[in-house]
Amino acid sequence: MLDFFTIFSKGGLVLWCFQGGSDRDEGMMGAAGTPILTAPLLQERGGNNSFTHEALTLKYKLDNQFELVFVVGFQKILTLTYVDKLIDDVHKEFRDKYRNEFQQKGALGLLNGTFDFKDDFMRLLRDAEESSKVRAPTVMKTFEQSLKSQKTVKCMIETRGEKPKEKVKNKKNKGSKKDGTEAVAAPSKASAGDKQLSAAGEKEELTKDEILQKNREEFFRRHMKAGEKSRSPKPDAQKEKGKKPRVWDLGNSNAKVLDYSNSATNGSAEACPVEEFDPDMALGDKNREPGRLYDLEYESDDEAEEEKVVQNPSKASVKKGGLGGMFGMLKGLVGSKSLTREDMDPVLEKMKDHLIAKNVAAEIAVQLCESVAKKLEGKVMGTFTTVTSTVKQALQEALVQILQPQRRVDVLRDVMDAQRHRRPYVVTFCGVNGVGKSTNLAKISFWLIENGFSVLIAACDTFRAGAVEQLRTHTRRLNALHPPESHGGRTMVQLYEKGYGKDAAGIAMEAISYARNQGFDVVLVDTAGRMQDNAPLMTALAKLIAVNAPDLVLFVGEALVGNEAVDQLVKFNKALADHSMAQTPRLIDGIVLTKFDTIDDKVGAAISMTYITSKPIVFVGTGQTYCDLRSLNAKAVVAALMKA
Amino acid sequence: SMAGGLEPHLEALRRELHGPAVLSVLIALIAVAVTFLIWRFVQGRRSSRKAVLLLGLCDAGKTLLFARLLSGRYRDTQTSITDSSAMYRVSRDKSTNVTLIDLPGHESLRLQFLERFKAAARAIVFVVDSVAFQKEVKDVAEFLYQVLVDSTVLRNAPALLIACNKQDVTMAKSAKLIQQQLEKELNTLRVTRSAAPTSLDGSATGGPAQLGKKGKDFDFSQLPMKVEFVECSARGSKGEEGEADLEGLEKWLVKVA
């Protein structure tokens with residue numbers, strides 16, 4: 001049964017709502033703070049049109065022409081088959097009934113109109129429910145009706161050495177098990193084969209015995225060649241006759257026979273025969289200058305070929321269009337043409353390939369294009385806009401939307417808050433090996449010191465050789481740059497380390513309490529790099545984060561990563577969620593994107609990471625010196641991404 | 001001989017120019033150009049800064065306020081994912097209209113839509129949820145800061161009204177308290193935002209503009225535009241059937257239009 005159905009405009013006005021369930025669904029409509037119904041649209045996950053929220057499954061449909069959203073909700077445990085059809089019917093009827101209101105300029109039509117849709121909706125619902133019940137439940141066949149009763153008992157008995165057709169069927173369906181006890185298995189297999197027989201078709205019943213014989217022979221032939229497991233009774237019987245010792249080819253000979261090296265030949269020239277040496281063949285190119293190293297020859301023919309191949313089909317399609325194509329183009333330029341899937345598909349394909357070329361993870365590029373397609377389907381284009389420009393515009397907006405942070409990105413403000421409460425602000429850095437955690441930790445501590453906050457670095461990387469020394473060098477350098485004298489006698493940065501091999505979570509806890517006692521403003525916790533597939537290390541990281549409850553968990557990822565980014569972030573988040581005891585587990589709060597100076601304009605990793613986690617990119621690392629720390633500029637990144 | 005060669009050509013040209021066909025073509029072209037210019041001028045006049053933007057965080061009550069102002073009735077609302085706009089007759093006597101534009105408040109959308117509509121803004125109504133204000137004060141201040149340091153906003157200096165909504169609830173904070181808290185928070189934000197790492201393409205995140213006066217604590221009177229605070233309730237204290245409590249807001253709209 002439907003729990004609720006609601007129709008609202010994209011601008012936020014609820015036009016009509018139906019609540020079939022209990023009043024607990026009030027939460028849907030008056031959602032405080034977090035938008036429940038529009039969440040997937042906002043996160044650009046619109047490719048798949050159904051999503052779950054608590055105990056309900058929600059399906060939605062967009063009308064892009066009149067900017068409406070239709071949402072239906074029903075219990076997750078039910079699978080209602082008529083829901084999709086119902087949404088489509090309701091959409092059509094609602095749109096036709098209230099067309100006048102929608103075509104008025106601005107939102108006045110929606111505001112002033114009354115949408116009394118209940119009767120129509122109940123009628124449509126009843127129709128949909130009945131149409132799903134039309135098919136009567138299938139009645140089971142009686143024994144007389146089945147084919148098994150028509151078979152003689154004789155053909156179902158299996159004797160050793162004979163391979164009836166049923167066995168072949170079983171093999172095909174991968175149902176075959178190794179049969180040590182064939183006699184017991186035979187009748188069951190025969191019955192299984194029978195079912196398949198009856199399913200297979202009518203013609204086989206007529207000349208069953210003949211077919212059996214034929215298949216038996218074929219089976220024999222096949223298994224003569226392959227030497228299969230099912231013939232195990234025969235080889236089994238053979239083996240049991242007597243165990244003969246296996247003879248290796250060289251097993252009985254001693255080492256002397258095996259030694260082919262002739263100790264006297266090394267160094268003497270007569271031992272090996274002089275082979276025929278053809279200098280031309282060995283040298284190859286006769287015209288080369290002696291001693292010169294030539295460049296790699298670059299063949300650009302392949303690219304030209306590909307372009308020609310691509311152009312030909314497009315030319316063919318243009319020719320096919322002909323006059324109709326001309327009119328279509330003109331009609332598309334002027335006046336109201338609504339976008340269809342076919343129009344958008346070629347453009348979206350190109351955009352998807354373009355995004356993938358810019359290092360966006362492949363699955364995310366696909367999902368993004370799907371979501372953009374859903375948002376644009378049925379939309380009426382303005383005058384003088386082409387399909388390409390509309391799609392590009394929509395994709396650009398979607399990308400900017402993804403990169404906008406969904407929570408505040410202001411570390412300094414939060415540090416000030418923690419300062420007021422007299423507790424240190426704890427930041428944890430996690431990530432895979434070699435992404436730049438320690439380097440960026442040093443950069444961030446430099447930035448914090450410049451703003452007047454004292455920093456304690458906790459060396460919780462107790463595994464990698466030299467990790468503690470690296471941090472100690474950074475600490476020394478930072479203290480040299482900002483000596484205590486210029487900050488009122490206070491040491492601005494200090495290292496808390498307990499050597500190698502100890503438990504990282506314990507060191508972190510001690511570091512935090514040390515910072516609280518000594519009055520440090522910020523604690524930066526450096527952890528060891530770990531692969532996302534390494535379960536024990538992920539458990540250890542999750543434990544560190546769950547036990548110490550840091551204020552900010554930063555995932556450090558390099559901008560060079562491609563499709564791996566998706567896997568890394570998903571597995572890190574999963575590990576953190578699985579091993580946390582709390583009701584709301586601490587997940588990754590933000591991303592640090594490093595090595596940004598190494599990618600030219602292939603900035604797709606930023607999109608992949610923010611799409612997967614919906615968390616903002618807090619810092620961007622652009623080099624190895626202390627000043628190479630930036631914040632993300634969404635517009636610049638999207639511009640670089642959309643550039644041809 | 002050169003001049004002699006040119007003369008017949010010039011004669012021919014002059015004759016051509018005096019011909020009726022060419023003259024009519026010329027007149028037609030001039031007429032088209034003039035019409036085009038007039039059209040652009042009218043368009044520009046019509047759309048130049050006649051909009052009143054409704055900004056604010058998610059769930060502040062902008063869409064309900066929009067509905068109340070335009071139709072007077074209560075409507076259920078959902079989170080907006082796109083803008084809605086309509087003409088609003090400011091008062092019964094004057095015939096001036098303004099375009100009320102309701103922008104989505106969701107974090108991923110708000111800046112995009114602000115970019116689109118900020119140039120046309122004659123006035124901005126920043127709606128604040130007075131009940132959840134204590135919890136949200138940092139987010140409210142951040143959004144307000146982003147609006148205030150925007151270069152277009154600073155240049156045009158549209159009148160700003162901070163509407164403290166949801167006053168029908170007993171726990172709502174007063175406008176005075178909200179003003180004080182916002183001033184304190186914006187004071188801190190000035191420092192932290194300008195100290196943030198510079199943006200990727202070189203432009204600083206806080207913008208080159210400094211909010212208010214340096215050295216002194218931030219005050220709303222230091223801004224180039226007129227700022228007012230008003231209390232209102234879009235839902236209305238008499239329940240959904242009753243009237244909304246929007247007097248202050250409507251009076252301000254009359255002043256601004």
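Among contacts in chain A between residues at least 6 apart in sequence, 72% join residues at least 24 apart. The model is predicted.

Me: How many helices and strands does chain A have, and what percentage of its residues count as buried?
Reply: The secondary structure of chain A comes to 25 helices and 13 strands. Chain A has 644 residues, and the part of them that counts as buried is 43%.

Me: How much area do chain A and chain B bury between them?
Reply: The contact draws 54 residues from chain A and 46 residues from chain B. Carbon and sulfur atoms carry 57% of the buried area. The total for chain A and chain B is about 4100 Å².

Me: How many salt bridges are there between chain A and chain B, and which residues form one of them?
Reply: Over all chains, a search of the whole structure finds 35 salt bridges. Between chain A and chain B the count is five. One of the salt bridges, at 3.6 Å from N to O, joins the side chains of Glu115(B) and Lys635(A).

Me: How many residues on the side of chain A that touches chain B are nonpolar, polar and charged?
Reply: Across this interface, eleven residue pairs are in polar contact, both residues being at pLDDT 80 or more. By class, the side of chain A that touches chain B has nine charged, 15 polar and 30 nonpolar residues.

Me: Is Thr192(B) buried or exposed, and which residues is Thr192(B) in contact with beyond its neighbours within four places in sequence?
Reply: Thr192(B) lies in helix 7 of chain B, residues 175-195. Its relative accessible area is 1%, which is under 20%, so Thr192(B) is buried. Leaving aside neighbours within four places in sequence, its contacts are Asp410(A), Leu412(A), Arg413(A) and Met416(A).

Me: What separates Asp120(A) and Arg123(A) along helix 6 of chain A?
Reply: Asp120(A) and Arg123(A) form a salt bridge, with the closest N and O atoms 3.0 Å apart. Asp120(A) is buried at 15% relative accessible area, whereas Arg123(A) is partly exposed at 34%. Both residues also belong to a network of salt bridges with Glu93(A) and Lys97(A). Because they are three residues apart in helix 6 (residues 118-133), the separation is about one helical turn.

Me: How many residues apart are Lys543(A) and Asp503(A), and where does each lie?
Reply: Lys543(A) forms a salt bridge with Asp503(A), the closest N and O atoms being 3.6 Å apart. This pair links distant parts of the chain: Lys543(A) is in helix 22 (residues 535-548) of chain A, and Asp503(A) is in the loop between strand 8 (493-496) and helix 21 (504-518). Lys543(A) is partly exposed at 40% relative accessibility, and Asp503(A) is partly exposed at 43%.

Me: How far apart in space are Arg89(B) and Val254(B), C-alpha to C-alpha?
Reply: Arg89(B) is in strand 2 (residues 84-89) of chain B and counts as partly exposed at 48% relative accessibility. In sequence, Arg89(B) and Val254(B) are 165 residues apart. In space, their C-alpha atoms are separated by 9.4 Å.

Me: What percentage of residues 20-39 of chain B is helix?
Reply: An unreviewed UniProt entry places the feature "transmembrane region" at residues 20-39 of chain B. The end C-alpha atoms of this span lie 28 Å apart.

How values were computed:
Residues are numbered from 1 along each chain as its sequence is written. Chains are lettered from A and ligands numbered from 1 in the order in which they are written. This is a predicted model: local features need pLDDT of at least 70, side-chain atom pairs count only at pLDDT 80 or more; totals for chains, interfaces and linings use all residues. Side-chain values use heavy atoms; hydrogens and water are left out. Helices (H or I, at least four residues) and strands (E, at least two) are DSSP runs, numbered from the N terminus. Buried means under 20% relative accessible area, exposed over 50%, partly exposed in between (1.4 Å probe, protein chains only). Contact means heavy atoms within 4.5 Å. Buried area is the accessible area (1.4 Å probe) that two parts lose on being put together, summed over both. A salt bridge is a side-chain nitrogen of Lys or Arg within 4 Å of a carboxyl oxygen of Asp or Glu. A polar contact is a pair of N or O atoms within 3.5 Å; within protein, one must be able to donate a hydrogen and the other to accept it, and residues adjacent in sequence count only if both atoms are side-chain atoms. Ala, Val, Leu, Ile, Met, Phe, Trp, Tyr, Cys and Pro count as nonpolar, Asp, Glu, Lys and Arg as charged, and the others, Gly among them, as polar. UniProt positions are given in the numbering used here, feature names are shortened, and annotations may be inferred rather than shown by experiment.
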